[in-house]
Amino acid sequence: MSAFEAMEDDGVIWQNGEFVDWRDATTHVLSHGLHYGSGVFEGVRAYDTQEGTALFRWEEHLDRLYESTKPYDMDIEYDREELTEATLELLDRNELESAYIRPIAFYGYDSLGVSPKDCPTDVAIAAWEWGAYLGEEALENGIDVMVSSWRKHASSQIPTNAKTTGLYVNSMLAGEEARRNGFVEAIVLNKEGNVAEGPGENIFLVRDGEIFTPGLSESILDGITRNTVITLAEERGYEVHDNVSISRGELHTADELFFTGSAAEVTPIKQVDNVTIGSGTRGPVTEELQTAFFDLVERETDDHDEWFTYV
């Protein structure tokens with residue numbers, strides 16, 4: 001049974017200010033967002049901690065959600081407090097102790113010209129149980145990835161730091177290409193041929209005990225888990241270079257590689273294009289940062305309590 005099937009009988013979704021039954025949370029087939037990808041969204045984790053269920057870095061996700069609307073002249077009529085209260089009640093109503101949370105805002109049904117001028121902004125929040133995005137074994141053993149033939153769009157074409165629904169067609173193409181070729185996930189290069197990110201993840205490289213990750217100018221999304229891991233690494237004395245260009249060839253000669261993301265959390269990469277990375281297992285730096293991350297989100301440590309919003 002899928003996570004969605006488990007929610008269909010008793011689950012609810014918050015939609016435009018009301019809680020509606022899971023099956024009834026629908027939208028019109030002529031909604032602008034369906035035809036043109038004119039929506040913005042977030043992916044947030046809630047963890048079952050020693051202090052109870054807690055949203056991880058909710059405020060930062062809200063920041064990015066509202067900022068993502070700006071290039072599209074989209075107005076979310078609900079304020080931060082309303083979205084927060086709705087999300088906390090949603091978790092309670094769905095009896096979720098840990099969850100993946102999806103807030104989304106999109107241009108809805110009114111007209112179907114390319115301009116969304118007369119379309120309302122619909123807002124919804126859903127939550128469901130979702131385990132390790134790339135598989136439980138991947139967290140320990142790592143995954144095999146390939147460099148996709150699809151390139152990441154440039155920020156001069158579409159704003160890359162807005163988390164926009166339509167942009168994930170690029171991610172879908174890259175990820176499905178990888179899976180058709182027997183890999184778990186893809187790595188996407190930018191238009192210059194440098195490493196950008198994964199379809200839904202940021203990427204980190206470890207070399208000679210130092211940590212490198214592509215900068216925002218490389219057409220990446222400014223990931224919140226990326227920021228978390230940078231902070232954790234620096235607190236542990238690592239030198240982190242977070243504004244670099246990484247060539248495709250550097251992937252193959254890295255000591256370690258790993259993905260980060262709200263869904264992927266901290267996932268090691270063991271092979272790229274069938275080239276073994278390091279020893280072909282989760283490396284020591286990756287393991288240390290992964291352990292630090294899970295200790296943090298499960299509240300095994302009381303560090304960064306300001307990053308948690310408790311239900």
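I looked up Glu95 and found it in the loop between α4 (80-93) and β6 (99-107). I am working from a predicted model, where local features need pLDDT of at least 70, side-chain atom pairs count only at pLDDT 80 or more, and totals for chains, interfaces and linings use all residues. I number residues from 1 along each chain as its sequence is written, and side-chain values use heavy atoms, without hydrogens and water. Helices (H or I, at least four residues) and strands (E, at least two) are DSSP runs, numbered from the N terminus.

I noted the phi of Glu95 near 55 degrees, positive in a residue other than glycine. Most residues other than glycine have a negative phi. Glu95 counts as exposed because its relative accessibility is 70% (exposed is over 50%, buried under 20%, partly exposed in between; 1.4 Å probe, protein chains only).

Next I checked Asp208. Its phi is also positive, near 55 degrees. Asp208 sits in the loop between β11 (202-207) and β12 (210-214). At 68% relative accessibility, Asp208 is exposed.

Then I turned to charge. I found a negative surface patch made of Asp73, Asp75, Glu77, Asp79, Glu81, Glu82 and Glu85. Patch residues have over 30% relative accessible area and no salt bridge, with like charges joined within 9 Å. A salt bridge puts a side-chain nitrogen of Lys or Arg within 4 Å of a carboxyl oxygen of Asp or Glu. I placed Asp79 in the loop between α3 (58-69) and α4. Asp79 is partly exposed, at 37% relative accessible area.

Last, the whole chain. I read that 52% of its 311 residues count as buried.

Methods:
Patch = residues over 30% accessible without salt bridge, like charges linked within 9 Å, V, L, I, M, F, W, Y side chains within 5 Å. Areas by Shrake-Rupley, 256 points an atom, 1.4 Å probe, with all protein chains shown as cover. Lys, Arg positive; Asp, Glu negative; His and termini not counted. Charge placed at Lys NZ, Arg CZ, Asp CG, Glu CD.
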